[in-house]
Amino acid sequence: MAQAAGTPSMMGVLKGASSEEPVVNELSVHQKYEYKDKLKRDTPRGTLEGFTQAAYEQDFELAAKYLDLRYLPEGMTKAKGAEYASKLQAIIDRNIWVDLDQINDSPRGHDNDMLPAYRDAFGRIKLESSEVSLLLQRVPGEQGSIWKVSNATVAKIPSLYDQLGYGPVVEWFVEHIPEGRLFKVNLWELTLLLVYLVVAFLIVIPITWIVKFIILKSHYALKQELGYIVAGPLRLFIAVVLDRAWMAHSSVSAMALEMVNTGFLMFIAIVWLVWSSLGIFQAGLKRRWLAKDNQQGASLLGPLTNFLRVIFVVLAALVWLEHLGFSASAILAGMGIGGVAIALASKQSIENFIGTITLYSAAPIRVGHLCRFGAISGTVEEIGLRCTQIRTLDRTLIHVPNAKLAEMEIENISEREKIRFKADIRLDYETSSEQLKSITVDITSMLERHNEVDESPLRVTFQGFGLHGLQVNVFAYVGTTSYPTYQLVAEELHLGIMDIVVKHGSRIIPVAPIAAKI
């Protein structure tokens with residue numbers, strides 16, 4: 001039985017007719033039955049197979065012999081049998097898919113189908129408000145009864161063709177293009193598809209040219225790159241999309257669409273468009289990073305973009321092969337043990353390369369920065385593709401793999417905009433409250449007067465009574481990023497604190513009392 005389909009084709013009929021794999025049901029007697037009629041019209045399946053083969057070979061005079069042309073309504077004559085066969089073939093091609101394995105192959109036809117014993121249905125076509133069954137019926141023949149497409153179905157062919165057949169444009173191609181096939185596709189169908197593509201380009205080219213002209217006249221920084229995309233890959237992509245839209249609503253058979261519409265042009269258009277888009281993205285990001293003086297990240301954009309392009313092309317190719325019916329997983333598995341070995345051997349290198357990309361793009365460190373990497377402190381000397389060189393404070397050189405470095409917690413000391421000054425002093429318990437107040441006030445005044453100390457935050461507070469003395473906390477920021485400069489300022493501040501404590505008659509005591517010498 002045939003079912004209505006969105007993209008039906010005579011290919012399904014031929015495929016079912018030539019199948020060598022038997023179907024286990026009561027209808028699968030095709031290989032066992034010996035036809036007596038030379039046109040194989042003894043059974044419903046033989047009739048459909050013969051009609052399909054004759055229509056495929058464009059022999060509609062022969063195909064008409066599979067139609068019951070008796071008792072036709074007024075206006076229809078037996079002389080137009082070839083025309084009716086051609087239109088029926090067009091209706092089947094465009095609207096249903098016939099599986100010959102599901103058609104009965106015995107002279108008596110199908111039982112239990114709610115139809116008279118002399119009739120069998122081979123398809124149903126849905127119209128806007130109704131459904132039409134395509135019927136076969138048993139009629140008298142020279143050597144007994146034979147099966148033909150019923151005259152009731154033949155009588156409906158003109159009206160069905162007006163609703164479901166080829167339109168006037170397609171009929172013009174059918175009449176004016178010579179008969180013949182190329183790769184099993186009618187020449188008129190190939191010509192029509194080629195005309196679709198040419199017309200799509202004729203529509204798209206002027207529009208994209210105008211858009212490119214407007215872009216080039218603008219003040220956009222990347223107007224040359226954007227103009228190239230509009231006049232190149234974007235033009236092809238829009239034309240292919242428009243062509244595919246026309247093809248989806250065209251009157252050509254599904255066989256033609258299946259043979260021609262492999263998605264190759266769409267694959268090329270998408271790959272070219274994404275390839276070019278990554279290029280303009282790279283150019284824009286490079287300009288931005290150079291404006292921010294990120295030379296390292298800008299220098300890595302080229303190889304990173306090419307890497308992403310290769311990955312995208314590979315993925316797109318696998319998707320396209322899946323569309324053609326190939327198994328992408330089988331293709332990947334077919335690379336063999338050698339490919340797996342290469343992938344495993346390069347695993348560490350790939351991880352380090354990704355780590356390099358992370359370091360360049362996020363830029364947590366730069367060459368010349370003083371950083372703390374876990375327990376290691378040192379200056380970054382070079383960020384390579386595999387590892388980063390760090391010069392420690394002891395002047396030794398350490399090579400850290402970028403994959404490991406990208407996962408570490410990095411403290412970038414050189415990125416500080418100022419350096420914290422913090423001093424915790426302990427005063428003797430013999431210090432009075434008046435002395436303590438005067439000490440904290442004078443230390444605060446000293447910090448406020450110092451040119452290198454920021455005004456805020458700044459605080460000197462009495463924290464409480466410690467185990468070994470009165471605890472005073474001094475907190476401020478030195479407005480410099482130079483550590484040597486900070487050390488000089490911190491020395492001045494520490495000496496000033498000592499002088500203030502002595503000035504007010506107190507003394508600073510250590511954390512633990514010092515044992516008296518005997």
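Predicted model: local features only at pLDDT ≥ 70, side-chain atom pairs only at ≥ 80, totals over all residues.

Author: Happy to! Residues are numbered from 1 along each chain as its sequence is written, and side-chain values use heavy atoms, with hydrogens and water left out.

Reader: What are H17 and H18, and at what angle do they pack?

Author: H17 is the helix of residues 433-449 and H18 that of residues 483-503; they pack at about 150°, with axes 10 Å apart. Helices here are DSSP runs (H or I, at least four residues), strands are E runs of at least two, and both are numbered from the N terminus. The axes are lines fitted to C-alpha atoms, over the stretch in contact for helices, and angles run from 0 to 180 degrees between N-to-C directions.

Reader: Which residues make the contact?

Author: From H17 come Ile439, Asp442, Ile443, Met446 and Leu447, and from H18 Leu493, Gly496, Ile497, Ile500, Val501 and Lys503. Contact means heavy atoms within 4.5 Å. Eight of the contact residues are nonpolar, one is polar and two are charged.

Reader: New topic: what kind of peptide bond joins Ser456 and Pro457?

Author: A cis one, with omega about -5°. Pro457 is in the loop between H17 and strand S14 (459-465).

Reader: And Tyr71, where is that?

Author: Tyr71 is in the loop between helix H3 (60-63) and H4. Its phi is positive, about 50°, although Tyr71 is not a glycine.

Reader: Is Tyr71 buried or exposed?

Author: Exposed, because its relative accessibility is 70%. Buried means under 20% relative accessible area, exposed over 50%, and partly exposed in between (1.4 Å probe, protein chains only).

Reader: Then how much of H4 is buried?

Author: Twelve of its 15 residues, so H4 is mostly covered. Among them are Gly81, Tyr84, Leu88 and Ile92.

Reader: Last one: what about the phi of Arg395?

Author: It is positive too, about 70°, although Arg395 is not a glycine. Arg395 counts as exposed at 56% relative accessibility.

Conventions:
Nonpolar A, V, L, I, M, F, W, Y, C, P; charged D, E, K, R; others polar.
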